[in-house]
Amino acid sequence: MPRTLVVIGHGMVGHRLAERLLALDTEAAWRVVILAEEPDPAYDRVGLSSYLDGKSKPDLILAGPDFLNDPRVDLRLSCPAVAADRTTRTVGTADGDLIPYDALVLATGSRPFVPPVPGHDRAGCFVYRTFDDLDAIRAAARPGRPGVVIGGGLLGLEAANALRLLGMRAHVVETAPHLMPAQLDPGAARVLHHHVTDLGLRLHLGTATASVDGYPDGSVSGVTLGDGTVVEADVVVFAAGIRPRDELATVLALERGERGGFAVSDRCRTADPHVWAVGECASVEGRCHGLVAPGYRMAESVARQLLGQKVEPFDGTDPTTTLKLMGVNVATFGATRHGEDGAVEAVFSEGTARYAKVLLGPDTGEILGGILAGHTGSPMALAPFLGTRPPADLERLLLPGRPA
Amino acid sequence: MNDVVIIGNGPAAHRLAERLRHHGHEAGLTLLGEEPEPAYHRTLLPHYAAGSLARPSLHLPPVPGARVHLGTVVTAIDRERQRVYAYRHGIETVHRYDTLVLATGARPDVPDVPGLREPGGGPAPGVTTLRTTADCDRMNGGSVVVLGGEPLGVEAASALAARGNGVTLVCPGAHPLHDRVDDVCGGMLTARLEAAGVTVLGAATAVRRTPGHLELSDGTTLSADTVVLCAGVTPDTRLARAAGLDVGAGIVVDDRLRTSDPSIHALGDCAQFDGQTLIGISGAHEQADTLARILTGRPAVHRRVPRILRVRSRAADLSCIGSPADFDRPGTRQITLTDRTRLRYARVAVRDEHVTAAVLFGVPQAIATIGMLHRSDRRLPGDLLGLLLDLPPRPASDSAGASADPVVCLCNHVTRQRLHRAWQDGARTVPALASGTRATTGCGGCGQAVEELCGQWARGTRDLVEETCPALSS
Ligand SMILES: Cc1cc2nc3c(=O)[nH]c(=O)nc-3n(C[C@H](O)[C@H](O)[C@H](O)COP(=O)(O)OP(=O)(O)OC[C@H]3O[C@@H](n4cnc5c(N)ncnc54)[C@H](O)[C@@H]3O)c2cc1C
Ligand SMILES: Cc1cc2nc3c(=O)[nH]c(=O)nc-3n(C[C@H](O)[C@H](O)[C@H](O)COP(=O)(O)OP(=O)(O)OC[C@H]3O[C@@H](n4cnc5c(N)ncnc54)[C@H](O)[C@@H]3O)c2cc1C
C-alpha cells in the first residue's frame with residue numbers, strides 16, 4: 001500500500017516536486033494528491049506574459065499527458081485546501097472532502113501585494129499573476145488608451161509590456177529613484193530606462209501613488225501621484241511586490257517566518273516532520289525566495305528526502321540570475337551589494353547601451369559579484385571567476401565585441 | 001642682431017631665457033620683472049607659505065648671460081620705435097628690442113565682497129592672494145580661511161594645515177573641485193582634506209569680512225586672522241591692450257606664438273592660443289621650448305596642449321584629463337572605479353583605446369602612466385583595471401583558475417559537461433538538449449548560452465568556443 005503525499009498548490013514548484021518524486025520513486029512507494037486552486041494545471045508562470053503575445057494556455061501548461069495520465073497522480077483542479085489537522089493528518093478541501101496524508105507539502109506560492117491606497121479596489125484595477133488575471137486585463141484593455149502599472153520591478157515591467165502588447169500607452173510608477181531597485185543599481189537601471197522609454201513606456205520614478213481616481217460610476221479614471229501629477233488611465237495594474245500565501249499556517253498551527261511564509265529549516269521541513277514547504281511560500285531560515293530557480297532546488301530536495309535520500313542543506317545564494325525585460329538582458333552574479341567591509345566597485349560602461357559592474361574584495365581584489373545590463377557578456381562566463389582575482393581580460397568578458 | 005626683451009620674470013620667462021641660451025642665442029637677452037624676487041618656482045609657493053620650504057630653495061637657477069632687472073615695472077610699449085618703458089624705484093628706463101616677448105602671466109582676482117578689498121582694489125590688511133612670495137609674507141599666524149574650491153585653494157589649505165593652525169576651506173560648490181569631479185570623488189577629496197586638518201565648508205561663499213572675522217552666505221561667522229583668496233586668476237593683458245595688440249581672454253597668438261604684431265610674441269598664462277588660456281605650468285614650459293626654437297631659427301610650431309589638471313598636495317593626489325563633457329561624447333567607453341575603504345577613485349573615458357578624459361584620485365601609479373600615455377597620444381594597456389588598481393599581472397580568462405565545468409542552466413543545475421555529453425549522444429538542437437537535460441526549461445535565461453554552445457559544437461570548432469566564451473569551455 002503506497003503512502004499518500006498531499007501537495008497543496010499546483011504552481012511551478014509544486015508541480016516540479018510531484019514530477020521529480022514520481023520520476024525518482026521507482027518502487028511506487030508514493031501516490032500524490034494535488035490540490036489546485038486554479039482551474040488549470042501548473043503552467044509556466046515565468047513565461048506568463050507570452051500568453052498575451054501569441055501563446056495559448058496549452059503552450060504554457062507544464063503538466064504533460066504522461067503526468068496527467070499517471071495512475072499515481074490525483075490532480076484536483078479548482079479545489080483549494082481550506083482546512084487541515086496535523087493530529088489526524090488530514091486536509092480539508094473547499095468541496096468538503098477530507099484527505100488523509102502521510103506527508104504534506106505546502107506549495108501555495110505568493111499573492112500580489114496591493115498597497116492600500118484609496119481607490120485600489122475600483123473596477124479597472126488588476127494584479128498580474130495568473131491566466132485569470134491576464135484574461136481580465138485583456139478584456140479591459142482598449143488600444144490607444146493609457147494604462148498605469150504601479151511598481152517598477154520585474155513584475156511591473158512584465159505588466160507594462162503586456163499593456164503595450166495590448167495596444168495601450170503604458171505608464172510605470174515606481175517609488176524608488178529607478179526601475180528594479182531590488183536587483184539593479186542606478187547605472188544598470190539607466191540602460192533599462194533608455195531602452196524601455198524608447199519602446200514607449202512612460203516612467204514616473206521616485207514618486208509614490210497617492211490615490212486611484214474614478215468616474216462617478218466608480219470605474220478607474222486615473223492615478224494621482226505623490227507629487228500631485230494626475231495620470232489618466234483606463235486600466236491600473238498593481239505590481240508592487242508579492243507576499244507569501246501562508247494562510248494555512250494558522251489552521252495548521254505552524255510557525256511563520258519573520259516576514260511571513262511557512263517557517264522551515266534548510267531542508268524545507270516545518271516543525272512537524274510530516275509537513276514541508278517549498279517555493280515562494282517557504283521561509284527558509286527566515287528568508288523567502290521569489291524566483292523559480294531556488295524553488296526548483298527546494299522541490300528536488302524534498303522529493304529526495306521523501307524517498308529517504310540524504311540531501312545537502314538548501315543554499316539560498318544564487319550564483320547568477322538572468323532576466324530579459326522587454327528585450328534588455330539584465331543579470332547579476334554573486335554579491336551585488338557592498339557589505340560592511342567596503343568592496344571596490346569597478347564599472348565598465350558604454351553610454352546607455354551597456355553597463356557592467358563588478359565588486360572586488362577590498363584586500364585581495366577577488367571578484368565578489370556584479371550586475372550586468374544591456375549587450376554585455378554572459379553572467380555564465382563570469383560566474384566561474386567568483387572568488388578569484390579578475391582575469392587580465394576581464395573588460396573583454398564584460399563588454400565583448402571590441403578589439404582586445 | 002636680434003635683441004630679445006622679455007616682459008615678466010615668472011616661470012615662462014625664465015624657461016624661455018634658459019632655452020634661448022641653450023639653443024645658442026648670442027644677442028642681447030633682457031628680462032624685466034616686476035617682482036623684487038629672483039625667478040622662482042611659483043607652483044611651490046604653498047609650501048613656502050606653510051613654512052616647509054625656505055625661500056632660497058624656491059629660486060630657479062640664474063640664466064648665464066641674461067640681464068635681469070628685478071623690481072622693474074613695464075608701463076608702455078612703443079611698437080613703432082620698438083622700445084619698452086619701465087620704472088624701477090621711481091626711475092624710468094627704456095629698453096630697445098628686435099623681438100619682444102610678453103610673459104606677464106595672470107593676476108589673482110579679488111572678489112568684490114565688503115571688507116576684502118582696499119579702496120584701490122587690492123586685498124585689505126589680513127587678506128591676501130596667493131601668487132607671489134610677497135603674498136605669502138602677508139600671512140599672519142593664527143586662524144586661516146581659504147576661499148575658493150579650485151585646485152589652488154585645495155593645495156593652499158592642505159599645505160597651510162601642516163602649520164598646525166586651524167585652516168578652513170570655503171568653497172562655493174558642494175565640495176572642492178565641484179566643476180571637475182563628481183560627488184563620490186569630491187567626497188573622498190573632502191575626507192582626505194579633513195583628515196589632514198582642513199575643515200571643509202561646501203556650498204558657501206563669503207558675504208562680509210571684518211578684521212578677524214569672515215561671515216558666510218549660510219549665516220555662519222568664522223574666526224579668520226588671515227583670509228587667503230584663491231578665487232581664480234585673470235590673464236594680465238593690460239600692456240598688450242594698451243599697445244593695440246589683439247586681445248581676447250588672453251593675448252591672442254598664432255601657432256608661432258606671434259601676437260598681431262610679428263615682432264611681438266606672448267606665452268604662458270597671459271597668452272591665448274586656439275581659444276585656450278591659462279594652460280598651467282607644463283603648458284607654459286612647452287610654449288617656452290617652442291618659442292626658443294622659433295626665435296633661434298629652428299622649425300617649430302605650437303599645438304594645443306592636452307589639458308591635464310594636477311593637484312598634488314599632502315592631502316590629495318588628483319589628476320583631471322579633458323573636461324567633464326568629454327565623458328559623454330558618443331562612442332566612448334567608460335571605466336569607473338570606486339574604493340571607499342582606501343579612498344581611491346578613477347573614471348576614465350576611452351575611445352579607440354586612447355584615453356579622452358579622466359579623473360584619477362589616490363592612484364599615483366595610474367596618474368603617472370595614464371598622463372604619460374595621454375600626452376604622447378599612445379594606446380592604453382588592455383588590462384586597464386590592473387593599472388588603475390595597481391594589481392600584479394594576472395593570467396587571462398582562458399587560463400585563470402576558473403571552474404572547469406560551469407553550471408549553464410541554474411534553474412535545473414545543468415553543467416556544460418552534461419550538455420556536451422547529451423550533444424554527443426545525439427541531442428543536436430536546443431529543444432533536443434532541453435528535453436534531454438532540462439536546460440533552458442526553468443527561467444529560460446540560459447537559452448542564449450545553450451544555443452551558442454550548440455552552434456559551436458555543431459560547427460566542430462571547439463577552439464572558437466575557447467576564444468569567444470572561455471568560461472564555457474572546459
Ligand atoms: C509575470 C511573471 C513573471 C515572472 N518572471 C520570472 C522570471 O523571469 N524568473 C524567475 O525566476 N521567476 C519569475 N517569476 C516568479 C515565478 O513565477 C515564481 O517564482 C514561481 O512561479 C513560484 O512557484 P510556486 O510554485 O512557489 O508558486 P506559484 O507558481 O504561485 O504557485 C502556487 C499555486 O498554489 C495555488 N494555491 C495557493 N493556495 C492554495 C490553496 N490553499 N489550495 C490550493 N492551491 C493553492 C495558487 O493558486 C498557485 O496556483 C515570474 C512571475 C510572474 C507572475
Ligand atoms: C601657488 C600656485 C600654485 C600653482 N600650482 C600649479 C600646478 O600645480 N600646476 C600648474 O600647472 N600650474 C600651477 N600654478 C600656475 C602656474 O604657476 C602658472 O601657470 C605659471 O606660473 C605661469 O607662468 P607665467 O610665467 O606665464 O606667469 P606668472 O608666473 O604669472 O609670471 C608673470 C610674471 O610677470 C610679471 N609681470 C606682469 N606684468 C608685468 C609688467 N608690466 N612688468 C614687469 N613684470 C610684469 C609678474 O609680476 C610675474 O612675476 C600655480 C600657481 C600658483 C600661484
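Ligand 1 lies between domain 1 (3-111 + 242-306) and domain 2 (125-238) of chain A, because both domains give residues to the shell around it; the domain bounds come from an automatic or database domain assignment. The model is predicted, so that local features need pLDDT of at least 70 and side-chain atom pairs count only at pLDDT 80 or more, whereas totals for chains, interfaces and linings use all residues. Residues are numbered from 1 along each chain as its sequence is written, chains are lettered from A and ligands numbered from 1 in the order in which they are written, and side-chain values use heavy atoms, with hydrogens and water left out.

The site of ligand 1 is shared between chains, because residues from chains A and B surround the ligand. A residue is near a molecule if one of its heavy atoms lies within 4 Å of it. Of the 31 residues around ligand 1, those that come nearest are A:E37, A:E38, A:R45, A:R129 and A:E280. By class, this shell has 17 nonpolar, 7 polar and 7 charged residues; Ala, Val, Leu, Ile, Met, Phe, Trp, Tyr, Cys and Pro count as nonpolar, Asp, Glu, Lys and Arg as charged, and the others, Gly among them, as polar.

A polar side-chain atom of A:R129 lies 2.6 Å from an oxygen atom of ligand 1, and a backbone N or O atom of A:V292 lies 2.9 Å from an oxygen atom of the ligand. A nitrogen atom of ligand 1 has a backbone N or O atom of A:A81 at 3.0 Å. On its own, ligand 1 has 990 Å² of accessible area, of which the protein covers 95%; such areas come from the Shrake-Rupley method with a 1.4 Å probe. The elements giving two or more residues to this shell are α1 (12-24) and α5 (154-165) of chain A, where helices (H or I, at least four residues) and strands (E, at least two) are DSSP runs numbered from the N terminus.

Ligand 2 is surrounded by 30 residues, the closest being B:E35, B:R42, B:R131, B:D269 and B:I281. Domain 1 (4-107 + 234-295) and domain 2 (110-230) of chain B each provide at least three residues of its shell. The element that gives the most is β4(B), with 3 residues. The side chain of B:R42 places an N or O atom 2.4 Å from an oxygen atom of ligand 2, while a polar backbone atom of B:D269 is 2.9 Å from an oxygen atom of the ligand. Of the 980 Å² of accessible area that ligand 2 has on its own, the protein covers 88%.

Away from these descriptions of the ligands, two residues may be considered. A:D272 is placed in the loop between β18 (262-264) and β19 (275-277) of chain A. At 9% relative accessibility A:D272 counts as buried, a term that means under 20% relative accessible area (1.4 Å probe, protein chains only). The side chain of A:D272 reaches the backbone nitrogen of A:H274 at 2.8 Å.

In chain B, B:V311 lies in strand β21 (residues 308-312) and counts as buried at 1% relative accessibility. Not counting residues up to four places away in sequence, B:V311 touches B:P151, B:V154, B:E155, B:L177, B:A316, B:D317 and B:L318, contact meaning heavy atoms within 4.5 Å.

Conventions
Buried < 20%, exposed > 50% of the residue type's maximum accessible area, 1.4 Å probe, protein only. Polar contact = N/O pair within 3.5 Å; in protein donor to acceptor, adjacent residues only side chain to side chain.
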